[in-house]
Amino acid sequence: MSKAKTDKSAPDLDTPSDLSPDAVNKISAALNALLADAFALYLKTKNFHWHVSGRHFHDYHLMLDTQSDAIFATTDQLAERVRKLGGITIRSIGQIGKLQTIKDNNEDYVPPREMLRELMEDNKHMAAAMRKAHKLCDDHEDSGTAGLLETFIDETERRTWFLFEASRQEGSNAA
């Protein structure tokens with residue numbers, strides 16, 4: 001068992017890896033932060049899906065449902081990647097709360113355009129965090145995780161684009 005895992009990993013969970021214990025720890029920490037943010041963004045997107053109103057209700061409701069499904073689909077892949085590397089992943093809502101950087105929105109009412117703009121900014125934040133994690137993977141020659149992140153970055157940029165376009169003022173490129 002590697003020294004870095006002894007205080008965090010039960011012997012039965014000590015998955016072998018050719019990456020150094022330091023690399024496993026750093027990459028796992030980055031992926032767990034992304035995982036916490038993915039859960040936070042999923043729930044925020046669902047919250048807005050459930051509470052959107054107004055003349056574009058149908059379109060926004062469907063778009064946010066599709067986006068929340070795509071975000072949720074990343075969670076299992078991120079967590080399983082941590083385990084494949086030999087790391088330990090998130091175990092609870094409490095741990096998500098400690099790691100998340102995406103801010104919750106508990107307002108009673110959020111106007112639809114503000115919902116879309118907030119989610120757009122959150123997705124931009126996620127893409128930036130994924131790029132930082134990708135750089136860390138490159139630094140440790142972890143091409144498997146880097147490849148997974150490349151796909152997720154592209155999907156996140158697509159969500160950002162859709163949210164931007166849906167929230168633009170009529171006839172204007174203004175945000």
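Trainee: Among contacts in the protein between residues at least 6 apart in sequence, what share joins residues at least 24 apart?

Mentor: The share is 76%, where a contact means heavy atoms within 4.5 Å. This is a predicted model, in which local features need pLDDT of at least 70 and side-chain atom pairs count only at pLDDT 80 or more, while totals for chains, interfaces and linings use all residues. Residues are numbered from 1 along each chain as its sequence is written, and side-chain values use heavy atoms, with hydrogens and water left out.

Trainee: How many helices and how many strands does the protein have?

Mentor: There are 5 helices and 0 strands, and the order from the N terminus is α-α-α-α-α. Both kinds of element are DSSP runs numbered from the N terminus: helices are H or I with at least four residues, strands E with at least two.

Trainee: Why does D122 count as buried?

Mentor: Buried means under 20% relative accessible area, exposed over 50%, and partly exposed in between, with a 1.4 Å probe and protein chains only. D122 has 10% relative accessibility, so D122 counts as buried. D122 lies in α4 and touches L41, K44 and I102, leaving aside residues up to four places away in sequence. Across the 175 residues of the protein, 43% are buried.

Trainee: What makes T45 buried?

Mentor: The relative accessible area of T45 is 1%, so T45 is buried. T45 is part of α1. With residues up to four places away in sequence not counted, T45 touches L64, Q67, S68, I71 and L119.

Trainee: Which residues have the most contacts inside the largest nonpolar core?

Mentor: They are I27, L31, L34, L78, M130, L149 and L163, in a core of 40 residues. Such a core is a set of buried Ala, Val, Leu, Ile, Met, Phe, Trp, Tyr and Cys residues joined through side-chain atoms within 4.5 Å. At least two residues come from each of α1 (21-51), α2 (57-85), α4 (112-139) and α5 (143-167); α1 gives the largest share, 11 residues. L149 touches L31, L34, L78, M130, A133, H134 and C137, not counting residues up to four places away in sequence.

Trainee: How do you know that α1 and α2 are roughly antiparallel?

Mentor: Their packing angle is about 160°, and the axes are 8 Å apart. Axes are lines fitted to C-alpha atoms, for helices over the stretch in contact, and angles run from 0 to 180 degrees between N-to-C directions. Angles under 35 degrees count as roughly parallel, over 145 as roughly antiparallel, 65 to 115 as roughly perpendicular, and the rest as oblique. The pair α1 and α2 is therefore roughly antiparallel.

Trainee: What can be said of α2 and α5?

Mentor: Their axes come within 11 Å and cross at roughly 165°, which makes α2 roughly antiparallel to α5. Residues making the contact include Y60, M63 and L64 of α2 and G144, T145 and L148 of α5. The crossing of α2 and α5 is left-handed, as is that of α1 and α2. Left-handed applies if the near helix is turned anticlockwise from the far one by less than a right angle, right-handed if clockwise.

Trainee: How does the reach of α4 compare with what is expected?

Mentor: α4 has 28 residues and spans 41 Å from first to last C-alpha, close to the expected 40 Å, which is 1.5 Å times one less than the number of residues. Just after α4, E141 has a positive phi of about 55°.
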